[in-house]
Amino acid sequence: MKVVILGSGSYSGTPKPLCTCENCSRARINPALRRTRFSLYFDKTLVDPSPDLHYHLERLNKRVERVLITHGHFDHIFGLPELQVFKRLKFYSHREALEVAKSLARLAFGSESPEGHEWSYNKLEFWEETRVGKMKVVHFPVTHTVTAGGFVIEVGGKRIAITGDTGPEILKDERAIKLMEGADLLIAEMTHREAIPGSHLGVREAIELAKRVGAGYTVFAHISHSNYPHEVLEKRVREAGIPGEVARDFTWVEV
Ligand SMILES: [Zn+2]
Ligand SMILES: [Zn+2]
Ligand SMILES: [Zn+2]
């Protein structure tokens, strides 16, 4: 199964308009260094409809049947109206993110589904295993600036763990680490150079988390323009001996 990181960036993307930092300046010259906002895709499943979703969908060109949402922040959900190309969709998240999803649909379409579409909103309770199609999904809470969660998804005998946006408190959350432990693929956020408590991981914390989880393969994503250059991050991951890589947009992994 192919897992595609559609967007490897954080809320402002890279380049951020008007920013003159090294990453933004380089990305304006080299498109391979651009980072759109975070989203990923596997097996007709989209995680987080980012504001860059139109670009993601036209390039991916695959059908979406279900949408998992980590949290209701702009960079993870505001592309939702772009999903109107799909008639039947099921959204899954905890109550607060679903409320944001419904409000966006109402703003765009005047109701919770575009006309003639069947969209349903399905509430997940944290820590409860839920069947989503042929997948088993556990949504677990993380410490972030709003109610937010990660996912552990079992599909086709493989386990995929996704941290979503999380503060460094996740390193002390034995229950979350136990749930993610030994996943075939871990997708971990690595937003900043240094961690911000209650908000995001730094490079060191993201690597520490990957070591603790011990996944078969780890992909680091949700990388801010103000983080170290891509090559430096890659070197850090290599030196830590972690089987994995730092995502670019449309990095894909076979699990
Ligand atoms: Zn984010
Ligand atoms: Zn910048
Ligand atoms: Zn966020």
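The following legends describe close-up views of a predicted model.

**View 1. The site of the zinc ion (ligand 1).** Four protein donors hold the zinc ion (ligand 1): Asp75 (OD), His76 (NE2), Asp165 (OD) and His222 (NE2). Their distances from the zinc ion (ligand 1) run from 2.1 to 2.2 Å. Along the chain, these donors are spaced as D-H-x88-D-x56-H. Angles among the four donor atoms span 89 to 163°, and the site of the zinc ion (ligand 1) is irregular. Histidine 76 belongs to helix H3 (residues 74-77), while histidine 222 sits in the loop between strand S12 (217-221) and helix H7 (230-239), so the two histidines tie together parts that are 146 residues apart in sequence. Histidine 76 and histidine 222 are both buried.

**View 2. The site of the zinc ion (ligand 3).** His71 (NE2), His73 (ND1), His144 (NE2) and Asp165 (OD) coordinate the zinc ion (ligand 3) at 2.1 to 2.4 Å. The site of the zinc ion (ligand 3) is irregular, with angles of 92 to 167° among its four donor atoms. The spacing of its donors along the chain is H-x1-H-x70-H-x20-D. Histidine 71 comes from the loop between strand S4 (66-68) and H3, and histidine 144 from the loop between strand S8 (135-142) and strand S9 (148-155), so this pair ties together parts that are 73 residues apart in sequence. With a relative accessibility of 1%, histidine 71 counts as buried. Histidine 144 also counts as buried, at 10% relative accessibility.

**View 3. Aspartate 165 between the two zinc ions.** The zinc ion (ligand 1) and the zinc ion (ligand 3) lie 3.5 Å apart, bridged by aspartate 165.

**View 4. Strand S11 and its burial.** Five of the five residues of strand S11 (residues 185-189) are buried, so the strand is largely enclosed by the rest of the structure. In a regular strand, side chains alternate between the two faces of the sheet. On one side of S11 are Leu185, Ile187 and Glu189, and on the other Leu186 and Ala188. Both faces of S11 are covered, and these residues are all buried.

**View 5. Strand S11 and its pairing partners.** S11 pairs with strand S10 (residues 158-162) in the parallel sense, over three bridges. In this pairing, alanine 161 stands opposite leucine 186 in S11. Between S10 and S11 the chain passes through helix H5 (residues 174-180), in a β-α-β crossover that is right-handed. S11 also pairs with S12 in the parallel sense, over five bridges. Here leucine 185 stands opposite tyrosine 217 in S12. The chain runs from S11 through helix H6 (residues 203-213) to S12, and this β-α-β crossover is right-handed.

**View 6. The ring pair of tyrosine 55 and phenylalanine 250.** Six aromatic pairs are found in a search of the whole structure. In the pair of tyrosine 55 and phenylalanine 250, the ring centres are 6.1 Å apart and the planes stand at 80°, so the pair is edge-to-face. Tyrosine 55 lies in helix H2 (residues 53-60) and phenylalanine 250 in the loop between strand S13 (244-246) and strand S14 (251-254); the pair links distant parts of the chain, 195 residues apart. Tyrosine 55 counts as partly exposed at 33% relative accessibility, whereas phenylalanine 250 is buried, with a relative accessible area of 13%. Arginine 59 lies over the face of phenylalanine 250, at 4.1 Å from the ring centre.

View 7. The rings of phenylalanine 109 and tryptophan 119 have centres 5.7 Å apart and planes at 90°, so the pair is edge-to-face. Phenylalanine 109 is in helix H4 (residues 95-109) and tryptophan 119 in strand S6 (residues 118-123), ten residues apart. Phenylalanine 109 counts as partly exposed, at 22% relative accessibility, and tryptophan 119 is buried, with a relative accessible area of 8%. Ring pairs join Phe91, Phe109, Trp119 and Tyr121 into a cluster.

**View 8. Arginine 236 over tyrosine 228.** The charged end of arginine 236 sits over the ring of tyrosine 228, at 5.0 Å from its centre.

Definitions and conventions: Residues are numbered from 1 along each chain as its sequence is written. Chains are lettered from A and ligands numbered from 1 in the order in which they are written. This is a predicted model: local features need pLDDT of at least 70, side-chain atom pairs count only at pLDDT 80 or more; totals for chains, interfaces and linings use all residues. Side-chain values use heavy atoms; hydrogens and water are left out. Donors are N, O and S atoms within 2.8 Å of the metal (3.2 Å for Na, K and Ca); water is not among the atoms, so sites may look incomplete. Four donors count as tetrahedral if all angles lie between 85 and 135 degrees; four count as square planar and six as octahedral if opposite donors are over 155 degrees apart and all others between 65 and 115; anything else is irregular. Helices (H or I, at least four residues) and strands (E, at least two) are DSSP runs, numbered from the N terminus. Buried means under 20% relative accessible area, exposed over 50%, partly exposed in between (1.4 Å probe, protein chains only). Two strands pair if DSSP finds at least two bridges between them. A crossover is right-handed if, with the strands pointing away from the viewer, the path from the first strand over the helix to the second runs clockwise. Rings of Phe, Tyr and Trp (its six-membered ring) pair if their centres lie within 6.5 Å; planes under 30 degrees apart count as stacked, over 60 as edge-to-face and the rest as tilted. A charge sits over a ring if NZ of Lys or CZ of Arg is within 6 Å of the ring centre and within 35 degrees of the ring normal.
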